[in-house]
Amino acid sequence: MSAALGRAVFIGKLPLSGESLHKIEPVILSQTRTSFSLLVLLPILVGRRGWQRIKLPTPDLIQCLILGMLGVAASNYFYYVAIQKTSVAIAIILQYTAPVWVLLYVVARRQQKLSLQKVAAVAVAIAGIALTIGIVGGRSSSPLHFDRWGLIAAMLASFSFAFYNVGGHGILARHDRWRVLVWTLASAAAFWLIVNPPWKVVAGHYTAAQWGFLFVFSMISVLGSFSLYFQGLQYLEPTRAIIASCLEPVFSILLAATLLGEGLRAIQTLGIVLVLSAIVIVQLPGRGAVERQAVVVEPME
């Protein structure tokens, strides 16, 4: 939904009234999404049972702060920089190589066994995404734009994505997901306050319509998606959760086709089928004992 909403604004199908001296850049988009979400979530959690509702032991709190900066803030920012410098297709396909890094990590740590089923699921998912977003079989009239910094940013987003998928599973197994979310958001928001202080934000002279868009965008893309994803993460292992999240580009294209009139070609349909197949493959029980891994954290894009 947030992808379709953002696309509608960028192409003028959801115009924002008034004019501003500054456009919405990756920094302000990343900063306001975490800050607005924190400002809404924190009073709700603290208001019910006080600060005990979000209290964490010091080691876990430090871990959440690291996840907030190197996971949420970094992945968010680099993802939007990649979109700005290259294209949505390049940015998202490179970021969604994260399942490969997660799989290699859990295998290296001997948390999972390297099975043909898991390797096939990751390969099919990535191939499906490549077809769905137009990396393969794209129109010649819409060439992909390669930018060195954009490609680097997309890969950094991928590593950040994989980092907090792996790094967050243990803490989510020990604590309520809302405690983890509020502290990761707090860490990301504090980081952005240092990088982009309030007086710089005010100097941007953003219009009321732009602020309204940023607020709605943060509610849909952060609190709404995270509350649902965290619920599912309590029952999924890292590799399965991260491959399930590969449905995001599939739904983005379907919503864009339905709401914005963007065409859905046959090769994109094939990509959707491949991604759905990967979801089925990775959910099938493997041979031997059933593996049970702790939960993970989902990217905020």
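Reader: What makes valine 102 count as buried or exposed?

Author: Valine 102 has a relative accessible area of 1%, and buried means under 20% relative accessible area, with exposed over 50% and partly exposed in between (1.4 Å probe, protein chains only), so valine 102 is buried. This is a predicted model, in which local features need pLDDT of at least 70, side-chain atom pairs count only at pLDDT 80 or more, and totals for chains, interfaces and linings use all residues. Residues are numbered from 1 along each chain as its sequence is written, and side-chain values use heavy atoms, with hydrogens and water left out.

Reader: Why is α5 called roughly antiparallel to α6?

Author: The axes of α5 and α6 cross at roughly 165 degrees and come within 10 Å, the axes being lines fitted to C-alpha atoms, for helices over the stretch in contact, with angles that run from 0 to 180 degrees between N-to-C directions. Angles under 35 degrees count as roughly parallel, over 145 as roughly antiparallel, 65 to 115 as roughly perpendicular and the rest as oblique, and α5 is therefore roughly antiparallel to α6. On the α5 side the contact (heavy atoms within 4.5 Å) is made by Pro99, Val100 and Leu103, and on the α6 side by Lys118, Val119, Val122 and Ile126. These residues divide into 6 nonpolar, no polar and 1 charged, where Ala, Val, Leu, Ile, Met, Phe, Trp, Tyr, Cys and Pro count as nonpolar, Asp, Glu, Lys and Arg as charged, and the others, Gly among them, as polar.

Reader: How do you know that the span of α6 agrees with its 17 residues?

Author: The expected span of a helix is 1.5 Å times one less than its number of residues; for the 17 residues of α6 (residues 116-132) this should be 24 Å, and because the end C-alpha atoms are 24 Å apart, the two agree. Among the buried residues of α6 are Lys118, Val122 and Ile126.

Reader: What makes α3 and α7 roughly antiparallel to each other?

Author: Helix α3 (residues 58-85) and helix α7 (residues 148-167) pack at an angle of about 150 degrees, with their axes 7 Å apart, and by the cut-off for that term they are therefore roughly antiparallel. The residues of the contact of α3 with α7 divide into 17 nonpolar, 6 polar and 1 charged. Helix α7 itself has 20 residues and reaches 28 Å from its first C-alpha to its last, close to the 28 Å expected.

Reader: Why is serine 158 counted as buried, and which residues does serine 158 touch?

Author: Serine 158, which is found in helix α7, has a relative accessible area of 0% and is therefore buried. Not counting residues up to four places away in sequence, serine 158 touches Leu94, Gln95, Thr97, Ala98 and Trp101.

Reader: How do you know that leucine 181 counts as buried?

Author: Leucine 181, in helix α9 (residues 177-195), has 0% relative accessibility and so counts as buried. Its C-alpha atom is separated by 8.8 Å from that of glycine 68, 113 residues apart along the chain.

Methods: Helices (H or I, at least four residues) and strands (E, at least two) are DSSP runs, numbered from the N terminus.
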